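Let us walk through this protein step by step. Keep the 3D view open as you read.

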Amino acid sequence: KGCVYTQLIMRGKTMIKFSKYTKIFLLIIFIFILSFGGYFLALPREGVYDFRAKYDTNLLYEVIEQDWDFLVLQAPEGYYKNYVDFFVKNKGTIRNPNTWGKNTIKVYYHKGEPAGFVSYYKKNTYVGDILFLSVKKSMRGKGIGRKLLLYSINKLFKDGCIKIDLVTLVDNKPARHLYERIGFEVGGIEDSGIIRYRKMKK
């Protein structure tokens, strides 16, 4: 009585019989492993995933603040949190009602951590638009921006688009280099410093 287990000798074999309290303890451990083991297995590892507001909104706060000038063109400073909150809730930008409810947001996870995101939508039946593309500074140089960009291009083309538009600033040389390497062509440059890119389906 009170021992962790007792031994029974049956037909030359030793059998272990656990006490009632040990059985309850082992059952709790088993349930814990099932619950939290399943949770950790369900965590995103490496690749592109659907945006989940509960887990990924802080990523948007971080990268849109860090790249505010390039991502949100001609917008007031210090407005990024309100901008992100509206964007997450309405799947569109405050200044452009034509985007409301249309944007798809995808997040790239690297080693279980949200590293960057892309947002895209269809302007009409045949024209798509990549609205945002950004990667945490600490995660750059790993090809994450390229993977997100290619993912959105493939999705828009599969969805019937024959042309994809995007814009950035002339001064955003790393982004411009990426777009041009993937096959985007300059569609126009505005006096304000905005450069427009387009990619046609082949």
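Two residues are in contact when they have heavy atoms within 4.5 Å of each other. Keep that in mind for the packing below. The model is predicted.

Start with the sheet. Strands of a sheet pair through backbone hydrogen bonds, either parallel or antiparallel. Here, 7 strands form an open sheet with mixed pairing. Their order is E3-E4-E5-E6-E7-E9-E8. Strand E3 (47-50) and strand E8 (185-189) are the edge strands, and each pairs on one side only. On average, neighbouring strands of this sheet are turned by 30° against each other, direction ignored.

Now look at one pair. Strand E7 (residues 163-169) runs antiparallel to strand E9 (residues 194-200), with 7 bridges between them. Ile164 stands opposite Lys199 in E9.

Next comes helix H4. Its buried residues are Tyr80, Tyr83, Val84, Phe87 and Val88. Down the axis of H4, these buried residues fall within an arc of 125°, so they line one face of the helix. What do they pack against? Their partners are helix H2 (53-66), helix H3 (68-71), E4, strand E5 (113-122) and strand E6 (127-135). After H4 comes Lys91, with a positive phi near 50°.

Move on to Thr93. This residue sits in the loop between helix H4 (80-90) and strand E4 (104-110). Is Thr93 buried or exposed? Thr93 counts as buried because its relative accessibility is 6%, and the cut-off is under 20%. Leaving aside neighbours within four places in sequence, Thr93 has contacts that include Tyr83, Phe87, Trp100 and Leu131. Thr93 and Tyr83 are 10 residues apart in sequence, and their C-alpha atoms are 7.3 Å apart in space.

Key. Residues are numbered from 1 along each chain as its sequence is written. This is a predicted model: local features need pLDDT of at least 70, side-chain atom pairs count only at pLDDT 80 or more; totals for chains, interfaces and linings use all residues. Side-chain values use heavy atoms; hydrogens and water are left out. Two strands pair if DSSP finds at least two bridges between them. Helices (H or I, at least four residues) and strands (E, at least two) are DSSP runs, numbered from the N terminus. Axes are lines fitted to C-alpha atoms, for helices over the stretch in contact, and angles run from 0 to 180 degrees between N-to-C directions. Buried means under 20% relative accessible area, exposed over 50%, partly exposed in between (1.4 Å probe, protein chains only). The arc is that of the directions from the helix axis to the C-beta atoms.
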